[in-house]
Amino acid sequence: NTIDVNDMITGDRNALMVSIRVTGYGSDYKIKHTCNKCGTSNKLNVDLASLGIKRLEVEPIEQGKNLFAYKLPVTGKTVCYKFLNGHDQKEISLTEKRLKKAGITYDNTVTGYLENTIVSIDGITDKNKIKHFIKNMPALDSRKLRSHIRDSEPGIDMSWAYDCSECGFQNEIQLPITSEFFWPST
């Protein structure tokens, strides 16, 4: 039995990628980060094995399905959404390339993300109606929905905190995936 990694949601693929990296090269991951307070460049050694796992804490609409519901706080509408998988991300990338080739710049990543994540709104599945709603939805609804999805998606927690070597400020960052991740220098 084979598994198509494109069937996996992003969080699971990231967890698998980190696990393979730790198994193959060890858990030390060297990165540089500029302190958010004083601007000092900090050389960090992140222990990938200590990253936390985010478990699925929301109930799917149907057991075993990648479909979840969220009630928007302002409009009160119920949005059914899915976590993006590799197929979705490939389709997004392909669409962006087609638009670029046609000379259309489409750089509203929030709108694009929601268009690909939302499956229905109050039972309506028509893509054009969903796009129209997304473009006109209150900013608070958009922000709360995106936060809910981000906080709910299972996978590996790629956040890391460190104290600046110069000023001691505690920086909280999302780990960047650099070439050092795939080809460690030491």
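In this predicted model, His148 counts as buried because its relative accessibility is 18%, below the 20% cut-off. The residue lies in helix α5, which comprises residues 139–152. Leaving aside residues up to four places away in sequence, His148 touches Val58, Ala69, Tyr70 and Tyr81.

Helix α1 covers residues 10–25. With 16 residues at 1.5 Å a residue, α1 should span 22 Å. Thr10, Gly11, Val18 and Arg21 are the buried residues of α1. These residues lie on the same side of α1, because they cover an arc of only 100° around the axis. Elements covering them include β1 (28–34) and α2 (86–101). β7 (155–156) and α6 (179–182) are also among the covering elements. The face of α1 turned away from this buried side carries Ile20, Thr23 and Gly24, which are exposed. Gly26 follows α1 and has a positive phi, near 95°.

A helix pair is formed by α3 (residues 109–117) and α4 (residues 127–136). They pack at an angle of about 140°, and their axes are 10 Å apart. The crossing of α3 past α4 is right-handed. On the α3 side, Thr111, Leu114 and Glu115 make the contact. Lys127, Lys131, Ile134 and Lys135 contribute from α4. By class, the contact of α3 with α4 has 4 charged residues, 2 nonpolar and 1 polar.

Notes:
Residues are numbered from 1 along each chain as its sequence is written. This is a predicted model: local features need pLDDT of at least 70, side-chain atom pairs count only at pLDDT 80 or more; totals for chains, interfaces and linings use all residues. Side-chain values use heavy atoms; hydrogens and water are left out. Axes are lines fitted to C-alpha atoms, for helices over the stretch in contact, and angles run from 0 to 180 degrees between N-to-C directions. Helices (H or I, at least four residues) and strands (E, at least two) are DSSP runs, numbered from the N terminus. A crossing is left-handed if the near helix is turned anticlockwise from the far one by less than a right angle, and right-handed if clockwise. Contact means heavy atoms within 4.5 Å. Ala, Val, Leu, Ile, Met, Phe, Trp, Tyr, Cys and Pro count as nonpolar, Asp, Glu, Lys and Arg as charged, and the others, Gly among them, as polar. Buried means under 20% relative accessible area, exposed over 50%, partly exposed in between (1.4 Å probe, protein chains only). The expected span of a helix is 1.5 Å times one less than its number of residues. The arc is that of the directions from the helix axis to the C-beta atoms.
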